[in-house]
Amino acid sequence: LKYTPKGNIDIIVTYTDEKQELELVVIDSGFGVENTGNPFELYYNGENNCNNENNNCILHHSAGMGLALSRIIADSMKGELSLSRNPDGKTGSALNLKIKAERVSPPLSINRSHVSVSPIHNQISGPETEHLTQNFTKGVSSSTSNNFRDCKSLRCLIVEDEPVNQIILKAMLESTGIDEKGIHCLSDGSHVESFLDSPWGKKFDTTLILMDVVMTEMNGDIACKKLREKGVKLPIIATTGASTKKDISVLKNAGYNDYLLKPFHKAQLVEVIRRNMSLAQTLFEEIGGQAAIDVVVDTFYDKCLQDPFINHFFKGMDMHRQILKQREFLGFAFGGPSEYNHRQLAEAHRRIVLREGLNEQHFDAVANHLLATLDGRNVPKRLIKVALEKVAALKPQVLCQGEYA
């Protein structure tokens, strides 16, 4: 359907009692499939010319999986699947499926009355779709690295014309911790602009758009260009099966911030959202939160107190109080919820700097003990590097230098 923007699609079904054979032919007036190569080969991508402004060339050659999967399904049913040009000799193609089938008596009837479909937002509900989200979420990891801890500000707009893809993507987002009220679906790129301008759209307050590239009325790149021309600066992520360098170049020129190649996993979705929403986990979260900070501080102080080069700075101190303060300080330094005023940090160290000579060599010694502590706790080297950079940035406050003198 996506590749027949105008014209018609005819479905012809016949049954032959003598052969006990069901034949289904789908004839379209779309762009057709080139005769070169094997269109049933996985990732086969036939180039097609296109003059439709809403369907440029990137969207006109598919990911090359549809026919390949159709052939696999037909083979599993012991059927025959073939493809030819439209019998009328014009553009388009004809897909022919033949399978052995016994006539059922009485005929089967399917009750669709309890499935509701909204023509605008393409929301689907009903027993037929429940297994999709159930099966999907069973396989979704609940690890912290794949979740968002603070999701209240995330408002995701999904623009996707395939109802099943909507369901899966919505379930994937919800499994990261995003509330279902923070997710809204539209079925075509032509609806985005009007939604954002509508009272409901303004109330929803979109912060991120996940845009399918290939859609029925208006493809994603056209919708994205229109939004950029209008001055919309929201992060727009393309979801696409197109993966060549040329395809990616077209996406960038259309104004997308980033892209996800279908099929993608939850971890890839989370990474792209973090990258474009500045939602990367804080060092505090990656290390393991306050519980991990507490263990690090206890071990860190043991090392400091055993070092004769710096342990004299701790003589006469209430170590229990000092450890609590250090936990708060490290939590702050690593991006945790603790609040720590830079001026207060400088004032807390001013007496030690002026009276006891706290200097850069002492600061470096303390930093080295922190390095050894983190390394001993098997913290990844990437996080240790970030941690030391965070601590190094606080040197002016700790040593009362520059504006903190």
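In this predicted model, helix α4 meets helix α9 through Leu169, Met172, Leu173 and Ser175 on the α4 side and Lys266, Leu269 and Ile273 on the α9 side. Sorted by class, the contact of α4 with α9 consists of 5 nonpolar residues, 1 polar residue and 1 charged residue. Two packed helices are described by the angle between their axes and the distance between the axes. Here α4 spans residues 163–175 and α9 spans residues 266–277, and their axes come within 10 Å and cross at roughly 70°. Angles of 65 to 115 degrees count as roughly perpendicular, and α4 and α9 are therefore roughly perpendicular to each other.

Just after α8 comes Gly255, which takes a positive phi of about 110°.

A positive phi also occurs in residues other than glycine. Lys78 has a positive phi of about 60° although it is not a glycine, and this residue lies in the loop between α2 (66–76) and β3 (80–85). Because exposed means over 50% relative accessible area, Lys78 counts as exposed at 74% relative accessibility. Asp205, likewise not a glycine, has a positive phi near 60°. Asp205 is found in the loop between α6 (199–204) and β9 (208–212), and with a relative accessible area of 48% it is partly exposed.

The largest nonpolar core has 34 residues, of which Phe334, Leu358, Leu370 and Leu374 touch the most other members. The elements that each give two or more residues to this core are α10 (283–287), α11 (289–305), α12 (319–333), α13 (342–356), α14 (360–376) and α15 (381–392). The largest share, 6 residues, comes from α11. Leaving aside residues up to four places away in sequence, Leu374 touches Val296, Val379, Ile384 and Ala387.

Methods. Residues are numbered from 1 along each chain as its sequence is written. This is a predicted model: local features need pLDDT of at least 70, side-chain atom pairs count only at pLDDT 80 or more; totals for chains, interfaces and linings use all residues. Side-chain values use heavy atoms; hydrogens and water are left out. Helices (H or I, at least four residues) and strands (E, at least two) are DSSP runs, numbered from the N terminus. Axes are lines fitted to C-alpha atoms, for helices over the stretch in contact, and angles run from 0 to 180 degrees between N-to-C directions. Angles under 35 degrees count as roughly parallel, over 145 as roughly antiparallel, 65 to 115 as roughly perpendicular and the rest as oblique. Contact means heavy atoms within 4.5 Å. Ala, Val, Leu, Ile, Met, Phe, Trp, Tyr, Cys and Pro count as nonpolar, Asp, Glu, Lys and Arg as charged, and the others, Gly among them, as polar. A nonpolar core is a set of buried Ala, Val, Leu, Ile, Met, Phe, Trp, Tyr and Cys residues joined through side-chain atoms within 4.5 Å. Buried means under 20% relative accessible area, exposed over 50%, partly exposed in between (1.4 Å probe, protein chains only).
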